[in-house]
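Me: I'd like to go through the charged pairs first, then the packing. Can you take my questions as they come?

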Amino acid sequence: MEKMLQTIRNTVRKISVKTKLSAKMLGAVLLLVTGAAVLIFSEFTAEKNVAVQAETTQLKTDVKEYTAELEERLVSIISAIDGAGATKVMVTLESGSEEIYLSNFDYGENSDSNGKSSYERKDEFVIIDGSSGQEGIVIRTAEPKVRGVAVVCAGAGSDAVCAEIVEAVTALLDISSARVSVAKMN
């Protein structure tokens, strides 16, 4: 401990001689610089925490917003179909959006005593130290999958209009026609 203090004193003396500042003035400058560094660092970590909280809140509302936007866009397209008329749409989703995490994988070969070989894949997620502890690295977010679509429109009494609506919805959402229901509005 005594040796460390002596080393620090010698370093401060050398710096004060080179900068032509007194030891007390140099200590004040170092204290000021350290304080500024702490303030700057705390600002960056505070911004990260706010960003993480905002992202979490946004994920909760994203599913509702995604569904509402999808319904609005479908109403816009379906009501433009000749003969469809006034239209209402309801979309149900399988689940919310899905985050895909970065992972390292390794293939290994196992041999038993009979000489038979089997192959095994081992996945390990890449974990980093984040602002709120350890977390995975998100490489992409998959949109929610559509479970089904209900369309109610004035022109659904016509088989041709119903067929065009089903064709449009299945093409836009990449779902089977069994997941689309079209009914006449009363």
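This is a predicted model: local features need pLDDT of at least 70, side-chain atom pairs count only at pLDDT 80 or more; totals for chains, interfaces and linings use all residues.

Me: Start with Arg73. Which residue does it form a salt bridge with?

Reply: Arg73 pairs with Glu69. Their closest N and O atoms are 4.0 Å apart.

Me: Where do Arg73 and Glu69 sit relative to each other in the helix?

Reply: Both belong to helix α2, residues 23–79. They are four residues apart, so about one helical turn separates them.

Me: And how exposed is each one? Take Arg73, then Glu69.

Reply: Arg73 is exposed, at 55% relative accessible area. Glu69 is partly exposed, at 46%.

Me: Next, Glu94. What is the N to O distance in its salt bridge with Arg147?

Reply: The closest N and O atoms of Glu94 and Arg147 are 4.0 Å apart. Glu94 lies in the loop between β1 (87–93) and β2 (98–101), and Arg147 is in strand β8 (residues 146–153), so the pair ties together parts that are 53 residues apart in sequence.

Me: Buried or exposed, or in between? I mean Glu94 and Arg147.

Reply: In between. Glu94 is partly exposed, with a relative accessible area of 39%. Arg147 is partly exposed too, with 43%.

Me: What about Arg179 and Glu94?

Reply: Their side chains form a salt bridge, 3.3 Å from N to O. Arg179 is in the loop between α3 (159–173) and β9 (180–184), while Glu94 is in the β1–β2 loop, so this pair links parts 85 residues apart in sequence. Arg179 is partly exposed, at 37% relative accessible area.

Me: Which residues end up in one network?

Reply: Glu94, Arg147 and Arg179. The salt bridges share partners, and that joins them.

Me: Now a charged residue without a bridge. What is the story with Glu71?

Reply: Glu71 is in helix α2. The residue is buried and has no salt bridge. The nearest side chain of opposite charge is Lys88, 11 Å away.

Me: Why does that distance rule out a salt bridge?

Reply: Because a salt bridge needs the nitrogen within 4 Å of the carboxyl oxygen, and Lys88 is 11 Å away.

Me: What does the Glu71 side chain reach, then?

Reply: The backbone nitrogen of Val91, at 2.9 Å. Setting aside neighbours within four places in sequence, Glu71 contacts Val89, Met90 and Val91.

Me: Switching to the core. Which residues touch the most other members of the largest nonpolar core?

Reply: Leu74, Val149, Ile165 and Val169, out of 21 residues. α2, β1, β8 and α3 each supply at least two residues of this core. The largest share is from α3, with six residues.

Me: What does Leu74 touch?

Reply: Val89, Val91, Val149, Val169, Leu172 and Leu173. That leaves out residues up to four places away in sequence.

Me: Why would nonpolar side chains gather like that?

Reply: In soluble globular proteins, nonpolar side chains tend to be buried together.

Me: Last topic, strands. How do β5 and β6 run?

Reply: Antiparallel, with four bridges joining β5 (residues 127–130) to β6 (residues 133–136). A two-residue hairpin connects β5 to β6.

Me: And which residue in β6 is the bridge partner of Ile128?

Reply: Glu135.

Methods: Residues are numbered from 1 along each chain as its sequence is written. Side-chain values use heavy atoms; hydrogens and water are left out. Buried means under 20% relative accessible area, exposed over 50%, partly exposed in between (1.4 Å probe, protein chains only). Two strands pair if DSSP finds at least two bridges between them. A nonpolar core is a set of buried Ala, Val, Leu, Ile, Met, Phe, Trp, Tyr and Cys residues joined through side-chain atoms within 4.5 Å. Contact means heavy atoms within 4.5 Å. Lys and Arg count as positive and Asp and Glu as negative; His and the chain ends are not counted. A polar contact is a pair of N or O atoms within 3.5 Å; within protein, one must be able to donate a hydrogen and the other to accept it, and residues adjacent in sequence count only if both atoms are side-chain atoms.
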